[in-house]
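Have a look at the sequence and the structure first.

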Amino acid sequence: MLNRIIHIAQDEKFINSAYFQFESVYPKQNIFYIVTDSEEKGFIHVKEQESVFKVKSSELILLANDIRDNDLVVFHSLASPFYSFVLILPKKIKTVWMCFGFEVYNDARFFSENKLLDTITQKTFFSKPVTFKYRIREKVRPFYRIIKPNLPLSGFEIKKKVFNRIDFLGSSFKEEFSTIQKLIGEKKVFFSFWYYPLEQIISISEELIIERPNILIGNSGFKTGNHLDVFHKLKTIKIVDKKLIVPLSYGNSEYIDLIINEGKTQFENIFDPLLDFISLEEYNKVIKHCGIAILNNRRQQAIGNTIALLWYGSKIFLSNQNPFYLYLKRIGIYVYCYETEFNSQSINELLTLDQINDNRLILKQHLSSKLMQSELEKQINSIYG
């Protein structure tokens, strides 16, 4: 029998949705601990409400004494401040890791970031991979400990132990789940969870805007958006009466400056970067007018943006190396391959009204709040049933 659901998270924008969803299914059984060392009053993203508490990372481990046998502990990401707490939990306590992606994709010991970079972007921002010497040293280290028992665990060994301790791996879809499993070398049980059900992303009652002349490129100012490669392809295409909307309100400042400079140089007055953070409502007003969206990410990113774009009728080009592209194709969504289908003809042919309505129907069938809540209850019941 489930007792409580203990949530460990950082001050992230996704947590408010998680609170709403879990409370909708298991009211008054959730406790959210937001780990931060900020001395500021209140949170930046998380809404202050009942059963949401701030805890310093140095104090987090003390909470382990209060965990009961039938509590479920849900980690919203596996940030390094959570490691000691994860490892001190008794094995009988069930744990769920909602993978954000950075835990693996941003760690060169598990994944080379260069694999996420397209040709031009990789030439510009190539990162040195983990050396062969380092890999050998990490493989030998456990054997060396036989003759030197007091040898401390390396950072890599600690992270591997943390991954090993987790029981359930949370992801939005099985394609991404399978990818993460392979990268960490661990077999986990799939826990399906979407941070943003359809109704929390868009207003499903809004009428479709027919005039959608603009082109959206990327979702943020990170090099994994591969903007330079998209610019290179677009430069060969005649663009008439369209704006290039490029969201760059957050990310790496040096990268953002480079993309702004390149965009203005190559496309002049049709280049329209979004540099200021705006609300979801204001952002949706912008993307409603984008008939084409090019998201050249090679990993799961911008899921909420992609869902909103599909709902508003955008024709979306995704990389075929992105697991999210594979998922959308599997459920029957009209989505297009950036590598093979993006050209001067396809970019000037918008989705038909029938295609848009088909996409909307599929999104309702798979991502509605009611369905998400039912799935969440089903999964937790299977753990404690």
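Predicted model: local features only at pLDDT ≥ 70, side-chain atom pairs only at ≥ 80, totals over all residues.

Residues are numbered from 1 along each chain as its sequence is written, and side-chain values use heavy atoms, with hydrogens and water left out.

**Exercise 1.** Describe the second largest pocket and its lining.

*Solution.* Start with the term: on a 1 Å grid over the protein atoms alone, a pocket is an open set of points with protein on both sides within 12 Å along at least five of seven lines, and lining residues have an atom within 4 Å of a point. Here 17 residues form the lining, with Ser172, Ser192, Trp194, Tyr327 and His366 nearest the centre. Next, β7 (189–192), α14 (323–330) and α17 (369–384) each give two or more residues; helices (H or I, at least four residues) and strands (E, at least two) are DSSP runs. The largest share, 5 residues, is from α17.

**Exercise 2.** Find what lines the largest cavity.

*Solution.* A cavity is a set of grid points where a 1.4 Å probe fits but cannot get out. The lining consists of Cys99, Phe100, Gly101, Tyr105, Ser171, Glu176, Ile180, Arg299 and Gln300.

**Exercise 3.** Which residues line the second largest cavity?

*Solution.* They are Asn219, Ser220, Phe222, Thr224, Gly225, His227, Asn297 and Gln301.
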